[in-house]
Amino acid sequence: QAAAPLHPVAVRCQEAQVVVTVHRDLFGTGRLVKAAELSLGSAACLPVAQSAAENTVTFVAGLHECGSTLQLTPDSLIYKTSLSYKPTPSGNLVIVRTNPAVVPIECHYPRKSNVSSNAVRPTWAPFRSTLSVEERLMFSLRLMNDDWSTERLSHGFQLGESLHLQADVASGDHVPLRLFVDDCVATLSPDRNSSPRYALIDLSGCLVDGRADDTTSAFISPRPRQETLQFTVDAFKFAGDDRNLIYITCHLKVSPADQVPNPLNKACSFNKASSLWAPVEGTGDICSCCETGNCPLYG
């Protein structure tokens, strides 16, 4: 409601800012306070407008401005600030005739509904194209210790040991995501296209190293969480080369967690006991292209 002597402070919580209108008869006594004695927030922001006809002063500030604070509750975003009145001596500089005052101000916004005045449009475009304009996702690929509890401190291995590799994505505020490893290649230099090169994962998620004789390389199933994918690779070195440093470069991607895995988005291991490819999730037929080699490839 409009600021008036009975309600001297009016607050409008808008989509991205707060508008505070203050009636200069702040205490309802008929004695008007000076605009210069009013400020907003811990940053002491000054008013942006005055109305001599209505005896009002108006402040406009962004929700994050003027030293406001944000409180999160399970259901709400609460932006808190305060209106301050600090009287200055007038006439006789020894005395003042009003008390200072602080008026707390809060704006509450629901966390689980749309607060924009614009209509919500369905996300009909491909997920990766809409995601790219919002923000970059944070991917990581780490060598883990044997029980997957922490990152491995040493990157040295003996032949006969297994590398425990863990891919993760920090999804932030996005819809739930499921991580996949499209391909992984081992090289002797940081250039993934250098020669010699050996494909560990290929064909949009087929762990082809596990198809070789005498290997136990496989994806770990089930996943610990949708944003994480773990897999083991038996240690190896390039034949005829004495260098001990090998680079492993992987291409990671995500799909919406509620999207059913398919031949393009899959994590398939070769089961030597059954001589069949098996997915971490999804139906077995999505892995059949790992054997034929005609899987769709992500551009």
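Start with the largest pocket, which holds about 600 Å³ of space. A pocket here is an open set of points on a 1 Å grid over the protein atoms alone, where a 1.4 Å probe fits, with protein on both sides within 12 Å along at least five of seven lines. The volume is the space filled by probe spheres set on the points, which are joined across faces, edges and corners.

The model is predicted: local features need pLDDT of at least 70 and side-chain atom pairs count only at pLDDT 80 or more, while totals for chains, interfaces and linings use all residues. Residues are numbered from 1 along each chain as its sequence is written, and side-chain values use heavy atoms, with hydrogens and water left out.

Select His155, Phe157, Leu163, Asn244 and Ile246: of the 19 residues that line the largest pocket, these are the closest to its centre. Lining residues have an atom within 4 Å of a point. By class, the lining has 12 nonpolar, 4 polar and 3 charged residues. Ala, Val, Leu, Ile, Met, Phe, Trp, Tyr, Cys and Pro count as nonpolar, Asp, Glu, Lys and Arg as charged, and the others, Gly among them, as polar. S9 gives the largest share of this lining, 3 residues. Strands are DSSP runs (E, at least two residues), numbered from the N terminus.

Next, show the open sheet of 4 strands, in the order S9-S10-S14-S13 with antiparallel pairing. Its edge strands are S9 (138-144) and S13 (218-219), each pairing on one side only. Two strands pair if DSSP finds at least two bridges between them. Between S13 and S14 (residues 228-234) there are 2 bridges. Pick Phe219 and then Phe231, its bridge partner in S14.

Now go to the loop between S13 and S14, where Pro222 is found. The peptide bond joining Ser221 and Pro222 is cis, with omega about 0 degrees. Another cis bond runs from Ser195 to Pro196, and Pro196 lies in the loop between S11 (177-187) and S12 (197-201). Most peptide bonds are trans, and most residues other than glycine have a negative phi.

Select Ser204 in the loop between S12 and S13. Its phi is positive, about 55 degrees, although it is not a glycine. Is Ser204 buried or exposed? Ser204 counts as buried because its relative accessibility is 3%; buried means under 20% relative accessible area, exposed over 50%, and partly exposed in between (1.4 Å probe, protein chains only).

Finish at Ser275, between S16 and S17 (276-279). Its phi is also positive, near 55 degrees, but Ser275 is partly exposed at 49% relative accessibility.
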